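Here are some quick notes from my pass through this one. Have the viewer open while you read.

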Amino acid sequence: MVCLKQVPATTSEKRYTADLRLDRAASEAVINPLDEYAIEQALRLQESGAVESVGYLSMGPDQAAEALRRALAMGGDDATLVTDPGLGGADAWATARVLAAALDRIAPDIALMGMASDDARGSLVPGAVAALRGVPLLSYGSELRVDGSVARVRRLTADGFDIVEAPMPVVASVTDQVGEPRYASLKGIMAAKRKPMETWSLGDLGLSPDDLHGAALTRVVEVRKPEAKPPTERVENVSADEAVTRIADWLAARKLA
Amino acid sequence: MTYRPTADHDELRAVVRELADERIAPRAAEIDATAEFPWDLKELLAKQDLMGICFPARFGGTELDNISQAIVVEEIARADATTSLIVLVQKLGALPIIVSGTEEQRSRYFPRLASGEWMAAFGLTEASAGSDVAGIRMRARRDGDAYLLTGSKRFITHGSIANLVTIFAMTDPAAGRKGLSAFIVETDTPGFSAPRIEHKMGIRGSPTAELHFDDVRVPVANRIGEEGDGFAVAMATLDRSRLSIAAQAVGIAQGAIDFAIGYAAQREQFGERIADMEGIQFMLADMASGTEAARQLTYAAAAAVDADAPDLAYWTSSAKLVAGDTAMRVTTDAVQVLGGYGYVTEYPVERMMRDAKITQLYEGTQQVQRLIIARQLLRRAGVSRPAK
């Protein structure tokens, strides 16, 4: 079961509502690019016969169904969207709580996620879901394999790699090292329209907004743009000697040379 | 003729645009510079099911409506005109079989074409016969259960790389256009050769071939329609295939607009972005509104083809005329927006300008489109010229 998140495209302009939530309707939405690697990994496992079926799970507004449909166009069998008015502004903890509850109900051998989401970049959800479900976490895999009842990731480290394995069920997250995500084919897109997609509310999962403390333990106090970088200084249209002197002076002034 | 774009059309556009932006656009300059056919992109398009968009699902195609097909061609051409021909000529070459072939011929060839395993080409034009079809000299002589084809074709897009070419040859030269017949020729048949490739101004990665036929034996089972049907088959094909050229032209124009806007937003002169100068803004506005008009006319023509409207030639010729001229004007203006940078190969707009020119020439020049449109107008008004 691949857990995926719909995020605003990095290239699109972002707007925020008065209560400092991202105005999702105002930006072009895509599958979190890092989740696409999880999709690719899952589909490769299915193609090799290592797993029987691939499903998708997402929590988000109604329009997140588009991301699930796009994932189904890449491959896989079915999708589930958890959507509820009580989930607006959900933080990583609330997201993990909801995903864990949904996964308890689906009971997959592997809950597979991208290593982070492109918008928040907290990287908290895989670990939190594993903790809430009480199952092992195989994080940051550059490759995921299944061997009988054991799931195994290869994780790159500063001086080599670790092989980490655990008996299933597990939560796993993978990096962009698993291989380039495929493009949806035309037949895939057409087939996706006929694949089953379920929609669950919080009530379906036996959760109430109170369980989620208003969907967030954290509070956004401010949203601002990163400090603008000083403009690039260019040395152009001068002699080579002059250019060398100016670049050397520039480096010296910053104690870089 | 009216049409209504659907959510499916929007999704299709987004999917093809992503593929074109990420995989095709980065190859465009190299394809143009080397004039080498992009086999890698042909494989990619086949894998994504984009070579089978015009074929029925029962033969492995994706059977898209004509607006969808136009969107696919448009989005690929926005990145690279040469690559859009891979999709477009697959349809052009197969259209004679689509419009007039037998079910047996379709079942024999469409699966391989729809999967992209085989490529098709369309062989009508000769050195001395372009739009004047009655001037075709290529002969087909009946010999038992086959025909022997002899002669030459020129300007055949993909003729040297196709596995199958639909060929038009005279079975009865004395009968003029009524003596023309159409055939399916497999290019591995003895006597077939493609001895020469043209050196071209644009669409340079797409091989435009001269084809020689030296007693090429074609089974009777590969004749499309009856003897003498060739002219009707050719016209029915071109009346529909011109739609793809309109879509290609719209795509080329949009690619030039998108690049010109990006450039104008970062280029500074006299202390301001040129995008904030009225002289540039007026050009960009004319480029965009003209392209949008051409696009909408192209989709209207696509709807006419989907409806098999009796006057579909009026629509497809109008769309090709307007879109081709728009692409030429818009790409020329894009070069103007970039100034000197637009004229050098470091930037893509000069390539787009060279590519745009072909849309005013092939599948009937713009002047021939006007003849077709005028003929339709006279027919509508009930004042057609009496048959000679």
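Predicted model: local features only at pLDDT ≥ 70, side-chain atom pairs only at ≥ 80, totals over all residues.

1. I'd start with strand β7 of chain A, residues 137–141. It is mostly covered, with four of its five residues buried. Its neighbour β11(A), residues 170–174, runs parallel to it, and three bridges join the two. If you want one pair to click on, L137(A) has V171(A) as its bridge partner in β11(A).

2. Backbone angles deserve a look too. Most residues other than glycine have a negative phi, and most peptide bonds are trans. Y140(A) has a positive phi, near 55°, and sits in strand β7 of chain A. Is Y140(A) buried or exposed? It counts as buried because 21 other C-beta atoms lie within 10 Å, and the cut-off is 20 or more.

3. Chain B has a case of its own: phi of D49(B) is near 70°, again positive in a non-glycine residue. D49(B) belongs to the loop between α2 (39–47) and α3 (66–79) of chain B. With 22 other C-beta atoms within 10 Å, D49(B) is buried.

4. Check the peptide bond from M168(A) to P169(A) as well: it is cis, with omega near 10°. P169(A) is in the loop that links β10 (160–167) and β11 of chain A.

5. Last, the chain contact. Eight residues of chain B touch seven of chain A. On the chain B side, helix α1 (residues 7–34) gives the most, with three residues. By class, that side has three nonpolar, two polar and three charged residues.

Terms used: Residues numbered from 1 in each chain as written. Chains lettered and ligands numbered in written order. Buried ≥ 20, exposed ≤ 12 C-beta atoms within 10 Å, placed from the backbone. Pairing = 2+ DSSP bridges. Contact = placed C-beta atoms within 7 Å. Nonpolar A, V, L, I, M, F, W, Y, C, P; charged D, E, K, R; others polar.
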